[in-house]
Protein chains: 4
Amino acid sequence: MEALVRVGLIGAGRIGTYHAESLALRVPRAQLAAVADPAPGSAEKLAGTYGARPYTDVQAMIEADGVDAVVIASTARAHTDLVVAAATAGKPVFCEKPMALSLADADRAIGAAAATGVPLQVGFNRRFAAGFADARDVVAAGGVGAVQLLRSLTRDPGLADPGGVPPWTIFRETLIHDFDALLWFAGAAGETTATEVYAVADALVAPDFKAAGLLDTSIVTIRFGNGAMATAEASFSAAYGYDVRAEVFGSGGMVTAGQQASSSMRHYSAQGVARQTVRGDTALFGDAYTAELAHFVDCARTGATPAVTGHDARAALGIALACITSVEESRPVRLDEVDPA
Amino acid sequence: MEALVRVGLIGAGRIGTYHAESLALRVPRAQLAAVADPAPGSAEKLAGTYGARPYTDVQAMIEADGVDAVVIASTARAHTDLVVAAATAGKPVFCEKPMALSLADADRAIGAAAATGVPLQVGFNRRFAAGFADARDVVAAGGVGAVQLLRSLTRDPGLADPGGVPPWTIFRETLIHDFDALLWFAGAAGETTATEVYAVADALVAPDFKAAGLLDTSIVTIRFGNGAMATAEASFSAAYGYDVRAEVFGSGGMVTAGQQASSSMRHYSAQGVARQTVRGDTALFGDAYTAELAHFVDCARTGATPAVTGHDARAALGIALACITSVEESRPVRLDEVDPA
Amino acid sequence: MEALVRVGLIGAGRIGTYHAESLALRVPRAQLAAVADPAPGSAEKLAGTYGARPYTDVQAMIEADGVDAVVIASTARAHTDLVVAAATAGKPVFCEKPMALSLADADRAIGAAAATGVPLQVGFNRRFAAGFADARDVVAAGGVGAVQLLRSLTRDPGLADPGGVPPWTIFRETLIHDFDALLWFAGAAGETTATEVYAVADALVAPDFKAAGLLDTSIVTIRFGNGAMATAEASFSAAYGYDVRAEVFGSGGMVTAGQQASSSMRHYSAQGVARQTVRGDTALFGDAYTAELAHFVDCARTGATPAVTGHDARAALGIALACITSVEESRPVRLDEVDPA
Amino acid sequence: MEALVRVGLIGAGRIGTYHAESLALRVPRAQLAAVADPAPGSAEKLAGTYGARPYTDVQAMIEADGVDAVVIASTARAHTDLVVAAATAGKPVFCEKPMALSLADADRAIGAAAATGVPLQVGFNRRFAAGFADARDVVAAGGVGAVQLLRSLTRDPGLADPGGVPPWTIFRETLIHDFDALLWFAGAAGETTATEVYAVADALVAPDFKAAGLLDTSIVTIRFGNGAMATAEASFSAAYGYDVRAEVFGSGGMVTAGQQASSSMRHYSAQGVARQTVRGDTALFGDAYTAELAHFVDCARTGATPAVTGHDARAALGIALACITSVEESRPVRLDEVDPA
């Protein structure tokens, strides 16, 4: 049997805690070796649950001998620097989205990984959800013909703390999943890029926080180089539970993915048909989270290029940045305006 | 038993033929009394099937004593003049969409009906489809809370003759159904109007006809006065059959309507699950066509104001015209730009 | 245009009232000419609504010159005699199920119709529901291969008055629909007959009425001559609304039919997914009721043999009678035991 | 972190191979320590893949110091003796269904586990499938009221080798899953037992093997002590893929479980709606297989009584034996006939 990949996890918050559990219990051939978090006591507590080593000095963990690969689940602002640090240390690195908040940072992360040749994977977990992956396979195999119309949406069950959400989160942290999915689907049967974006956004869920820059509802139109057109849609408050879906329509048919129930159970009563609704992304995408980390661990072992790279993170970020300009200036924005290269 | 309403039908084309059958066989308390069509032989043939009187002189039919009410199913360009003629003759009038191609014409039609006080109904049949009507009832009753995000789409099984389609048909004749549906849903729980529109459109189905002005694929973003945002989407070629759907999302939940099969039959085989797909609007909306004419006949008998009026036709047309400007100038267009009043 | 078929309706109860409305307003080429009911005032009231002639003397109506065809919607016990009377008078006759409560009576009805050659149709309305008809077409076309396993079920939203229900109603008046459907499906790809039946039944909904002979819940196993096996299932109280379904499984796949919502509307909320549930058979099978009467009116006009005949009524009744013996004697019962011919 | 449970697996066939992979890669806190199979080379090959120790002497493995718990996945005939051996060695034991082929054997297995107090779990994996577990929770919480009608079915994509199937497999190895599920559901809101069974069965898939005792299609009726009635249904050849479903109907509603697709992907084309169909039980029940072994490993660590015990295996076996008598004698069979105790 092959040796286990010893993973060092950075960040002991909500998603970090979930990744720790996955790495310790569910991801084949992985060992949760270390947990780093600068917050006092935080890494200790999480590491303790699974017999891993705790670090408050993140850089020390990155460089530790007993750590073969690094998983970054810290706050978004820190992502780029940590990718660069891990890559520079020659460690394969998995980074939660968003990998960067600017194209310059994205280039810096990509460059660092390229310099040492380590695998760099980004946490677009939707690509590892069975329904989405099967749908993409159908598109890639020509099952919908030439792609013409796409839709991707994210509706979250609710904001715990609207006050703590940074401006433009809806584009840079939420819809970025949809932008990646749309790029992935639009290019499945032949590579393409986004060319133009138009976004509307408002604070319909929590109007009191609009002044603070929080937008919670948005519709985005995206045009692609191959002629395809897409909408992406997000809301930060879905009363009926987590709702993430995709629809790809083309000259030969349509493919859809996504579900709103966590099991096949249906309960028929005078009130309607109840299901086990989904209240969190880990419930909806649990298998996908396991699968993306399993893929990363495989790439770390073999040196293979991950299926979702820093370039994918950069492409989705470009759309998010164009959306921000579009909302600020109330006009369609070409991708080459935000990325003149 | 009340006397039958004697209906005079104008137009013996595809939809006219279907309305004739409905009026003769399915619409309660209606009698197909006359059919008028200037094309030689056309009215005679259709009228003959149901024992109605044929006319080539449309104005003569409108004014005939044995005609209590008029149904207009001629070509779009003639609609406004025919509405005016019927209203002036004091006959309740049902007009297929679009009632007008300009706001001035819409005002002319509305004014003519107002002058004589006759009921004027427009053929937004989707409002009479059970699923859509039930969905609207849910929204009106507050079932989805404050409306935030809407979607309406029309995918037609295919263009018989792309060459014969007038420019901007996708907005003025196809998406106008979606615009009406979106206005109807967005305003269900409290009146509102569209304020801004952004449209992209292309010739992805029949690229060869783009030069002739035929756009066959489109995505439209609409903003409403109450904050709600919507997308409307159309394609002139759906490989899997007629697909018309609506989705209304709000602070309290979501409601959807629309179906792609004409019956509950499902056939499970190694190839998947086959259904009785829908190849024409009369198959998908047969009951709705009957119901809208039944409603019109009731209004004609009682003088009641129809549920879908000339004002609804005007409001949907406004969005269509804003879409045209949006595509021509590649920018969002405010409704007050196309309708300064 | 062809002359209307002038229909005389017998029975002004619940289903009679519905058929009256259908004949007057929805069935093409039919005229509700007369309504007969021995209960004082009953026929007068219903006939008055639609301008038909009322009769308390049923035989007089059957023989009246202005009546071209007869629709029987009286109480079950009277059905056979009325079929015989109408057939003897040379009038095409439509009879609600059950046409007879004994095989001898079934033979009497069939014989009377054969003697004068009039069309005799029985009210197995499920055959005219689009989903069921489409499913049967798939089976007939070989879409599921050799039929092996079938299921048909009827769950009624509830008994208004358990006290008024005659013994064995569950087999003779409710499941008889399922027996007909199963015979129709099992024989779709090659004629067959039922050979053996096993039934269990109990009073689970209204246990207090068991002593009076009311059974409200049942499961039936049926074997067919071609090897196929089926279950039929009934309950007189479905909390979630009317539920009628069929499933046909064979060597090449499966086909299903039936639905529990009256429209495509779905309402997603924290409580689940609500639909427009169905509380009555006329809501669930409204189109089927119209279609079966339209078929009858066509047969009455043309003399054609109806798609559902007295022989079909007899075959389904045979299964119902075998079920009664099976419950009484707690054993499987061969069809040739109840029908030695 | 707690020590891993070192599991010894018996049987390197199809399901044994799958359990090995689960234990090695997916089951938290488990280690695949040893694989035993008397067939030369068989254990060596499977054990080698995961770095486990191979045994051809099964008893030696059961007694080995490095084995904390035993998983039995050998041929059905050997199950009881192996349970007894493992229990006698004081090792917690998981046994694939059927645990026994006679009630005497079932009692022997139960007695052996009771004697040493080791946890004994049986492989009714359906109980660990999310949809089924959620459905049972609804029933247990009173969500369908008093249970009245149940259905459980198993349709397998196909028999690889009809010649190798022992007689009565359809009851003892296939439908035994449905019998367990029905007992589990029927008793969810208040304990109950099966009281009477009626079964029909035939060789409709592979008629040539009927003479050899292979029955491949069956319908079973079961009555329970609390009045509920059920059907169980099986076929050894489903053209559209693996189909396992349950339906529980009661005074307050209905709950269903089961699915026929392995992901949420739906592909709409002119041919219908294709899904990722399921061709094997490990694809359909992969998560359930992992979950049942995880549960067993937990019980092995803590000494807790498993959720599915030898008593459950015995109760389901009783129904299977009654089915065999029912088919042999063409009559309903009371459970106390096969189990006079």
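This is a predicted model: local features need pLDDT of at least 70, side-chain atom pairs count only at pLDDT 80 or more; totals for chains, interfaces and linings use all residues.
1. Is strand 11 of chain C mostly covered or mostly exposed? The strand, which spans residues 243-250, is mostly covered, since eight of its eight residues are buried. In a regular strand the side chains alternate between the two faces of the sheet. Here C:Asp243, C:Arg245, C:Glu247 and C:Phe249 point one way from strand 11 of chain C, whereas C:Val244, C:Ala246, C:Val248 and C:Gly250 point the other way, and the residues of both sets are buried.

2. Turning to chain A, the reader will find an open sheet of six strands, arranged in the order 3-2-1-4-5-6 and paired in parallel. Its edges are formed by strand 3 (53-55) and strand 6 (120-122) of chain A, each of which pairs on one side only. From one strand to the next, the twist averages 25°.

3. Inside that order, strand 1 (residues 5-10) of chain A is joined to strand 4 (residues 69-72) of chain A by four bridges, and the two run parallel. As one example of how they face each other, A:Ile10 stands opposite A:Ile72 of strand 4 of chain A.

4. Which helix lies across strand 1 and strand 4 of chain A? It is helix 8 (residues 281-302) of chain A, which also lies across strand 2 (30-36), strand 5 (93-95) and strand 6 of chain A, and which runs at about 150° to strand 4 of chain A.

5. Finally, there is the relation between two of the chains to consider. Chain A is superposed on chain B by a rotation of 180° with 0.0 Å of shift along its axis, at an RMSD of 0.0 Å. The two copies are therefore related as by a two-fold rotation axis. In chain A, the C-alpha nearest this axis is that of A:Arg331, at 3.0 Å from it. Moreover, 100% of the interface residues of chain A are also interface residues in chain B, so the copies meet through the same surface.

Key. Residues are numbered from 1 along each chain as its sequence is written. Chains are lettered from A and ligands numbered from 1 in the order in which they are written. Side-chain values use heavy atoms; hydrogens and water are left out. Copies are superposed by least squares on the C-alpha atoms of residues with pLDDT of at least 70 in both. Contact means heavy atoms within 4.5 Å. Buried means under 20% relative accessible area, exposed over 50%, partly exposed in between (1.4 Å probe, protein chains only). Two strands pair if DSSP finds at least two bridges between them. Axes are lines fitted to C-alpha atoms, for helices over the stretch in contact, and angles run from 0 to 180 degrees between N-to-C directions.
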